[in-house]
Protein chains: 2
Amino acid sequence: MASNGDSNVTNRDAFRQAVVNTLERRLFYVPSFKIYGGVAGLYDYGPPGCAVKANVLAFWRQHFVLEENMLEVDCPCVTPEIVLKASGHVDKFTDLMVKDEKTGTCYRADHLLKDFCKDKLEKKDANITANKAAELNHVLAVLDDLSAEELGEKIKEYAIVSPDTKNPLSDPYPFNLMFQTSIGPSGLSPGFMRPETAQGIFVNFKDLYYYNGNKLPFAAAQIGQAFRNEISPRQGLLRVREFTLAEIEHFVDPDDKSHPKFPQVSDLEFLMFPREKQVSGQPAERTCLGEAVSKGIVNNETLGYFIGRVYLFLTYLGIDKDRLRFRQHLANEMAHYAADCWDAEIECSYGWIECVGIADRSAYDLRAHTDKSGVPLVAHEKFAEPREVEKLVIAPVKKELGLAFKGDQRMVCEALEVMSEKEAMEMKAKLESKGEVEFHVCTLAKDVTIKKTMVTISKEIKKEHQRVFTPSVIEPSFGIGRIIYCLYEHSFYTRPSKTGYEQLNVFRFPPLVAPIKCTVFPLVQNQDYEDVAKRIAHMLTAAGISYKIDMTGTSIGKRYARTDELGVPFAITVDSTSSVTIRERDSKVQIRVNVEEVANIVKEVTEGQSTWNDMLSKYNAPSEPDDE
Amino acid sequence: MASNGDSNVTNRDAFRQAVVNTLERRLFYVPSFKIYGGVAGLYDYGPPGCAVKANVLAFWRQHFVLEENMLEVDCPCVTPEIVLKASGHVDKFTDLMVKDEKTGTCYRADHLLKDFCKDKLEKKDANITANKAAELNHVLAVLDDLSAEELGEKIKEYAIVSPDTKNPLSDPYPFNLMFQTSIGPSGLSPGFMRPETAQGIFVNFKDLYYYNGNKLPFAAAQIGQAFRNEISPRQGLLRVREFTLAEIEHFVDPDDKSHPKFPQVSDLEFLMFPREKQVSGQPAERTCLGEAVSKGIVNNETLGYFIGRVYLFLTYLGIDKDRLRFRQHLANEMAHYAADCWDAEIECSYGWIECVGIADRSAYDLRAHTDKSGVPLVAHEKFAEPREVEKLVIAPVKKELGLAFKGDQRMVCEALEVMSEKEAMEMKAKLESKGEVEFHVCTLAKDVTIKKTMVTISKEIKKEHQRVFTPSVIEPSFGIGRIIYCLYEHSFYTRPSKTGYEQLNVFRFPPLVAPIKCTVFPLVQNQDYEDVAKRIAHMLTAAGISYKIDMTGTSIGKRYARTDELGVPFAITVDSTSSVTIRERDSKVQIRVNVEEVANIVKEVTEGQSTWNDMLSKYNAPSEPDDE
């Protein structure tokens with residue numbers, strides 16, 4: 001087992017190194033500000049990476065925004081403090097940090113503890129007993145739940161020191177992950193770079209609801225940069241300090257979370273990993289989405305609909321469906337207000353990585369901004385017929401209150417009026433039994449005695465014409481950079497060169513994702529062929545198809561190898577002035593078509609109106625690939 | 001004249017108010033964080049604004065990136081200090097600010113002076129003599145050139161006070177416009193939110209040049225957010241604290257700025273406003289671009305090519321060509337290193353607004369980063385035949401220097417080696433005439449005496465196989481938000497309703513730009529028509545065309561008016577189960593087409609394969625519009 005595990009780790013690392021080397025060499029991405037030594041957790045997308053990202057985002061807009069008629073918005077990254085105070089980020093968006101007591105270098109406390117436990121377990125330290133191993137595994141399991149104190153105790157108990165210097169470490173303390181700045185010249189208006197795009201949607205709820213004709217359900221969406229000042233970024237593109245998020249906030253009546261289009265996804269089957277299976281140590285299992293919803297494993301149809309749509313989105317992009325699972329949050333992972341939450345996790349060389357979170361956040365966010373701003377972010381349901389509703393009525397008797405409390409009368413009066421139904425009914429019972437009751441007025445910071453004559457509390461039947469409520473929100477949130485990185489790993493493979501002496505790298509991107517859709521080569525350096533190549537290039541530009549033209553005299557095999565490494569799906573070789581060949585990247589099969597039609601063929605296959613197989617049967621492809 | 005001017009101002013203000021009211025009411029944009037009172041200079045794009053922006057950016061990619069095979073990159077907004085130190089932003093990206101001495105409120109010093117002068121001139125203050133008016137006009141003309149001291153003197157001279165409180169003002173002092181933050185948890189790595197996207201390209205020059213096969217010219221491009229912490233933002237979308245920039249850096253051999261595609265734009269004619277005309281008080285004039293380049297009015301063909309491409313870009317979007325001019329920077333506006341600079345200015349209710357800057361920045365940026373990083377950002381030109389070049393050779397005689405300067409020998413030696421050609425030849429002449437010379441060694445901060453025996457300076461003929469040089473960069477830089485705002489003003493008009501009692505608002509966006517391409521209405525509420533409308537909606541989604549479906553029983557006229565206000569170019573009305581009408585927004589002309597073909601027709605006209613006129617002749621439209 002141990003050696004097996006070790007070799008898996010080695011294979012994983014070697015595979016990752018091969019992928020990352022190719023990605024950096026071909027400028028899919030590079031560390032930002034490299035000529036100045038770089039900054040941890042910041043990366044630039046070079047030309048092919050930038051094109052992949054643009055393609056993924058364009059498809060996201062098509063698959064989600066256009067398909068569901070979502071309301072897309074675009075809000076600033078700079079955000080005033082009050083907004084993030086309301087959302088809870090100012091107080092709670094923290095990681096626990098420890099400092100090297102001599103050098104001041106900062107580390108994430110949980111990372112150090114995790115590394116320590118994994119190291120001990122993986123190295124099969126001779127000293128480790130079965131009991132100790134069980135303890136370390138337990139620590140790993142509860143790691144995310146440990147408080148600052150508990151983490152600090154474990155670090156002391158295991159005598160964990162600074163990994164770089166072996167110096168002692170400080171106690172863990174919270175570090176806020178938001179980049180802070182100041183808005184305007186006065187220095188008096190603190191602001192932050194947003195840690196997510198969602199808040200921009202919540203604060204606009206009222207306008208968006210109006211724009212949608214005051215009707216529920218509707219969804220708003222936003223694509224944009226988000227920022228997290230990670231303590232010590234690692235894992236390349238997976239944990240970065242600035243990233244592109246694509247978020248959807250689907251607002252729905254909490255009493256009706258059905259979805260009319262759910263039947264379109266209910267037959268899908270894929271790996272699901274519900275809470276019960278995780279807790280009982282069972283593996284994820286292929287599950288029918290419709291059953292998961294009908295059995296209540298997934299909380300509601302709307303959440304289920306988005307899980308299905310996310311599955312389709314990721315697999316269309318080229319994510320391997322056998323390395324994609326939907327994992328339900330454990331009770332301890334989920335915010336107290338959340339009704340249910342599933343992560344789309346993709347397996348890559350770093351393990352299972354959360355790439356999309358799909359959460360039913362109930363009414364939490366809209367309520368938080370309602371409370372802080374004083375602007376009610378609510379929806380209305382007009383009743384066809386007025387309905388009779390039992391209503392609590394609290395009527396303070398101002399004259400009596402005035403006599404008893406004088407200048408404090410207003411405060412007491414207001415405190416009585418805002419009692420909850422429970423408090424009011426308790427007071428009513430006490431007043432009826434005892435004639436008076438002690439009552440805490442928080443605005444006066446003291447108790448006062450309320451007598452039976454000072455207030456009447458009753459329940460009345462009222463006619464209501466509408467229902468006013470805070471919508472629930474279901475939030476699918478996509479980490480675009482993480483999805484793209486996993487896509488790179490799932491798309492990468494090697495195959496031997498024609499001579500067999502070297503392994504060549506290939507990205508099997510679907511045409512939709514491929515950064516460049518085709519290359520154009522003259523077979524040999526020859527003016528006529530070059531003119532044809534330029535004419536084809538011109539037609540491709542007009543058709544809006546990205547291409548690369550290579551007029552160098554390099555061997556055709558080398559030119560194929562260069563573009564396979566960029567994941568270019570089609571190569572057009574000009575070997576006559578009337579017709580040319582198109583070679584498909586993975587099968588290496590070629591078809592011969594007229595010069596005039598080649599741009600349209602590539603466009604059709606790229607944009608999905610036809611498939612490569614359609615073209616194969618239309619153009620009578622040779623049965624064997626041309627093994628260049 | 002005065003009343004005329006006043007009424008122009010009133011008209012302009014009324015027009016702007018009408019446009020802005022429509023834009024805000026229909027959520028093209030709204031002040032950000034409105035429920036919290038908003039933040040000056042930050043705006044959200046709502047659904048139609050967001051769609052317009054996405055359309056403009058998609059067209060930008062098509063028109064520039066794809067057409068020229070540019071290398072697009074995507075770099076972070078968070079930028080470490082050293083990068084912006086090298087670019088000059090840390091030291092020089094400032095505006096002059098004054099503070100209300102009692103309240104501390106901050107103002108831009110030049111804005112206060114400008115407002116004061118304009119106010120005096122426009123109000124035709126009785127006290128103002130012709131001399132005084134001339135003086136105020138002069139101040140307005142040189143405003144951008146005034147130093148802090150000069151601005152301060154003028155503010156004192158004119159007794160300008162705080163506009164809100166009438167309190168006295170502080171002296172002007174520079175305020176850096178970058179949002180500052182701190183990268184990582186230590187608090188020791190200052191960073192800024194980038195003020196432009198260009199630096200991300202410059203620091204990647206070496207990799208991009210390699211990616212391009214070590215060949216010049218090539219262009220890199222970047223679309224992304226940029227940030228300027230304006231002192232007191234005003235003018236709505238025109239001066240904001242966060243905005244989307246689209247920038248191109250075209251790298252070219254400084255000895256050859258010709259452009260092979262210049263003939264494609266050389267026949268274009270449009271308003272140009274060269275330096276000479278501005279200085280001599282003449283107006284901008286329609287000029288042929290080819291002539292402007294051949295006469296040397298525009299510095300070089302590549303700069304000219306981009307001016308032409310920018311003209312085409314803006315006019316395709318719907319910018320009125322008569323309210324678009326290319327204004328050359330005056331000598332005092334241009335950075336000392338710039339070879340030439342032209343702004344595409346668009347006239348709107350705020351006056352002529354700079355929306356695109358097109359500058360030949362010579363080798364400045366690459367040299368600045370080469371100096372700061374120590375990484376040479378240069379290009380190589382291999383010679384077909386080696387060339388003979390005269391080279392300066394400075395050979396310090398270390399033994400003699402060691403005897404004379406002991407421990408300082410190395411410093412003196414290095415200082416000698418880095419002398420410029422001019423310094424070296426002067427030293428050579430003096431050593432030959434006088435035998436010794438005083439020489440300042442800056443690393444020692446003192447002068448030393450150099451004798452003839454200590455150094456030999458000569459010129460030798462050397463064979464060189466390549467030329468190494470820093471490329472020039474030509475930078476077209478697009479303020480996307482400004483372009484979009486001007487487009488809104490240029491597209492807006494009103495026309496009377498059918499009854500003639502009210503004026504209806506229309507945006508005449510071309511289909512390319514329109515946020516929603518068509519609407520689908522059943523003529524009356526009827527199950528059959530609604531089913532057809534849904535079928536059409538489904539076909540539109542499949543074709544990737546954004547639409548709005550309106551099943552309310554509102555009158556057809558009102559439904560047209562609602563969508564005209566969003567600039568929707570085509571309205572599909574379902575009035576039978578087999579065929580439907582398509583109505584064009586501006587002409588109100590309708591054609592009748594089969595249900596099955598309607599989605600494709602809208603797609604063709606929207607994506608530019610056909611025009612509406614093609615459709616008119618194909619479907620025999622009635623000659624008169626249906627005046628609903």
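Biologist: What order do the strands take in the open sheet of chain B?
Modeller: The order is E4-E9-E8, three strands with antiparallel pairing. Strands are DSSP runs of at least two residues, numbered from the N terminus. Two strands pair if DSSP finds at least two bridges between them. This is a predicted model, where local features need pLDDT of at least 70, side-chain atom pairs count only at pLDDT 80 or more, and totals for chains, interfaces and linings use all residues. Residues are numbered from 1 along each chain as its sequence is written.

Biologist: Which strands are at the edges?
Modeller: Strand E4 (78-80) and strand E8 (180-182) of chain B; each pairs on one side only.

Biologist: Over how many bridges do E8(B) and E9 of chain B pair?
Modeller: Three, in the antiparallel sense. B:Thr181 stands opposite B:Gly191 in E9(B).

Biologist: New topic. How many residues of chain A are in contact with chain B?
Modeller: 76 residues of chain A, with 76 of chain B. Contact means heavy atoms within 4.5 Å.

Biologist: What area is buried between chain A and chain B?
Modeller: About 6,200 Å², and carbon and sulfur atoms give 64% of that. Buried area is the accessible area (1.4 Å probe) that two parts lose on being put together, summed over both. In chain A, A:Ile35, A:Tyr36 and A:Tyr211 lose the most area to chain B, together 13% of what that side buries.

Biologist: How many salt bridges are there across the interface?
Modeller: The rule finds four. It asks for a side-chain nitrogen of Lys or Arg within 4 Å of a carboxyl oxygen of Asp or Glu. B:Lys34 forms one with A:Asp207, with the closest N and O atoms 2.7 Å apart.

Key:
Chains are lettered from A and ligands numbered from 1 in the order in which they are written. Side-chain values use heavy atoms; hydrogens and water are left out. Helices (H or I, at least four residues) and strands (E, at least two) are DSSP runs, numbered from the N terminus.
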